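Subject: Structure handover

Hello,

My notes come after it.

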Amino acid sequence: MIQLTPWDLVIASGMIILLAITSLMLQLNISKQLIIAAIRNVIQLLLIGYILKLIFNSNNLYFLASIATVMLVVAGFEINARQKYPLKRWVGFKIGTSALFISSFAMVLLTLMVIVAPTPWYSPQYAIPLLGMLLGNTMNGISLGMDKLNQTVYLQRLVIEQRLMLGQSYHEAIQDIRAESIRTGMIPIINSMAIAGLVSLPGMMTGQILSGTPPVEAVKYQILIFFLIAAGTGFGIMLAVWMIAKRMFDDRQRLNLDILQIKR
Amino acid sequence: MGLTGPSGIGKSILLKALADMLPHQGDIFLGDIESQTISAPQWRRKVALLPAESQWWCETVGEHFQGYDEVLFTHLGFNKDVLDWQVSHLSSGEKQRLACIRVLMNQPEALLLDEPTANLDPDNRAQLELLIRDYQHKHQIPVVWISHDKEQLERVCQQLLTINKSHYDISQIAPEQTEEHGMTA
């Protein structure tokens, strides 16, 4: 494999700086966020590169478990960032993290113990990238589904109350919104599965091919990952949306939006 | 029973609490059933609240109804075609008349009306008053009617509860009828 030198990355960063300057001139108000994201990207990835080097050498289950916990907690926080009608911080974190945990960890354990089955099963070379991809995608899905749910329920609260007044159960009253939110969260993964290979070469496969893996081997892994991500994301979103929808009603099935952070 | 009083005194809140749509203190009885002893949806089908402004969530009128009731629909000037109408094309009067039918089709055993005719013209108002009176006579149920229109309350109520900041009083408008169910809060 051709190794990259620091200068190669400097040239690529020149493109980002060019983009930042252009958007500054066009007054798009995005250059600051772009630069911050790029700097975070460099620091975080370099850091994880060195940490991975450490983990790969140690092959220790507890070390791996603590890394996995950090990944989960960060993803749990990020779910609630950038929401239009966010949940109260602690509730959002609790629901997001448990949905992520149940769906992603189940998929990763299935892969490690049954499908790929490396020795030992917690071999970090497999566990960390798998978990990373599942958490990242599931996080996006849950975040989108949650945003849609909270926003729609808030804007349609009168409709929901009307349906309750007519004697519908909270399940009936929120059914359409719940289904729509789950659908919204699942669109990205369904799209990327559907267009894979035709429009874009998926990232993981590209990486494996660049590093010299035979294309058909890379494809098999990519298919595995797609299926895991789709299942993990789908179940994660369903769990999160169901949990939030339930929390939006009290024990007498009255709409209660106390779990949203709304400035009154 | 008519319910009147200045805006913001809590008339609508009282009705919402009676329909168990708001947390409340005290027990609410319909006959000898207390609200907490049955599920909230069951209670809300028995004790139906008709708000001043109705909400519709599907494209067509028919999707909001389970079945069709010839008598109710014709009474308020509709025929079966109305089920295929687009909700977005309804006038506010049509919406309110249909909302009233929608509530009555649940066969409620008590009716809570929150300014049901506030947005209606005199013709529509008269039709709706008549429909409610017929339903009440037929089923002998309690009806609580919020209105700012004194004349309307005198037409449709036997008793009038006036709520003010410091006090409330109940006055008789016409000889009281014997009611099967009493509602106490």
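This is a predicted model: local features need pLDDT of at least 70, side-chain atom pairs count only at pLDDT 80 or more; totals for chains, interfaces and linings use all residues.

Chain B

Chain B contains nine strands and six helices. Its C-alpha atoms occupy a box of roughly 50 × 40 × 30 Å along the principal axes. The radius of gyration of chain B is 16 Å, and because a compact globule of 185 residues would have a value near 16 Å, the two agree. Buried residues make up 31% of the 185 in chain B. Among contacts in chain B with a separation of 6 or more, 70% join residues 24 or more positions apart.

Contact between the chains

Chain A puts 13 residues into the contact and chain B puts in 14 residues. On the side of chain B that touches chain A, helix H2 (residues 40–46) of chain B supplies the largest share, four residues. By class, that side of chain B consists of seven nonpolar, four charged and three polar residues.

Nonpolar core

Which residues touch the most other members of the largest nonpolar core? They are A:Leu131, A:Leu134, B:Leu112 and B:Trp145, in a core of 84 residues. The most residues in this core, twelve, come from helix H5 (residues 124–155) of chain A. Leaving aside residues up to four places away in sequence, B:Leu112 touches B:Leu15, B:Leu18, B:Ala19, B:Val47, B:Ala48, B:Leu49, B:Leu50 and B:Val144. In soluble globular proteins, nonpolar side chains tend to be buried together.

Regards

Methods: Residues are numbered from 1 along each chain as its sequence is written. Chains are lettered from A and ligands numbered from 1 in the order in which they are written. Two residues are in contact if their C-beta atoms, placed from the backbone, lie within 7 Å. Helices (H or I, at least four residues) and strands (E, at least two) are DSSP runs, numbered from the N terminus. Ala, Val, Leu, Ile, Met, Phe, Trp, Tyr, Cys and Pro count as nonpolar, Asp, Glu, Lys and Arg as charged, and the others, Gly among them, as polar. A nonpolar core is a set of buried Ala, Val, Leu, Ile, Met, Phe, Trp, Tyr and Cys residues joined through C-beta atoms within 7 Å. A residue is buried if 20 or more other C-beta atoms lie within 10 Å of its own, exposed if 12 or fewer, and partly exposed in between; C-beta atoms are placed from the backbone. The radius of gyration is taken over C-alpha atoms; the globule rule is 2.2 Å times the number of residues to the power 0.38.
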